[in-house]
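Please read it alongside the model.

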Amino acid sequence: MALKPTIYKAQVALADNDRQVYADIAVTLALHPSETPERMTARLLAWCLNYADGLQFTRGLSSSDEPDLWRHTDSGEIATWIEVGQPEEPRLRKACGRAADIRVYAFGASADTWWQRNGEAIAGLPRAQVWQFAWPDIEQLAQSVIARTMQLSVNIVGGVVYVDDGSSTHSIEPRRLHSSEA
């Protein structure tokens with residue numbers, strides 16, 4: 001019998017001062033049996049940084065045809081495709097043919113090596129943005145804040161994400177590795 005995902009619930013008070021987005025949202029996250037809490041933490045951060053009506057978590061690791069997050073237009077086209085981790089260039093090239101906006105949030109102890117090996121090819125893709133979460137920050141956030149039920153205040157100011165769970169506050173600043181925007 002296949003292992004089932006572990007369900008996490010978060011109540012997020014989001015204040016993205018950089019984009020003027022403010023919302024109180026109930027979020028359900030599924031931790032896939034082969035996924036680490038750190039990866040789930042990175043997915044939650046990517047969701048907060050890109051929150052918009054219609055942004056959804058997908059089947060992610062369970063599907064090779066879907067990103068970790070996406071948002072569709074009213075006509076059903078993929079508006080935003082968000083990958084978390086260290087995707088290969090062919091996967092992102094395929095995403096460029098399917099979505100108007102491609103974003104990658106790399107993390108992990110080997111993220112710098114991944115970017116050195118794939119950065120040139122990925123930088124040649126249209127509409128792609130690549131960001132990196134510092135691995136120690138993700139580890140600390142996953143250990144300190146992530147719980148099966150969470151109440152989080154997430155404030156984004158000047159590109160820095162502040163996450164408060166009522167007993168501690170952590171900050172993480174995604175580093176831009178590449179943007180095809182002018």
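Thr41 sits in helix α1, which spans residues 37–50. This is a predicted model. Is Thr41 buried or exposed? Its relative accessibility is 2%, under the 20% cut-off, so Thr41 counts as buried.

## The α4 side

Helix α4 covers residues 135–144, and Ile138, Leu141 and Ala142 are buried in it. These three lie on the same side of α4, because they cover an arc of only 100° around the axis. The general rule is helical spacing: an α-helix has 3.6 residues a turn, so residues three or four places apart point the same way.

The face of α4 turned away from the buried side carries Pro136 and Gln143, which are exposed. The cover over the buried residues of α4 includes helix α1. Strands β9 (160–164) and β10 (169–172) are also among the covering elements.

## Cysteines

| Residue | Relative accessible area | State |
|---|---|---|
| Thr41 | 2% | buried |
| Cys48 | 2% | buried |
| Cys96 | 8% | buried |

How many disulfides does the model contain? The count is zero, taking a disulfide as a pair of cysteine sulfur atoms within 2.5 Å.

Notes:
Residues numbered from 1 in each chain as written. Predicted model: local features only at pLDDT ≥ 70, side-chain atom pairs only at ≥ 80, totals over all residues. Heavy atoms only, no water. Helix = DSSP H or I, 4+ residues; strand = E, 2+ residues; numbered from the N terminus. Buried < 20%, exposed > 50% of the residue type's maximum accessible area, 1.4 Å probe, protein only. Arc of directions from axis to C-beta. Contact = heavy atoms within 4.5 Å.
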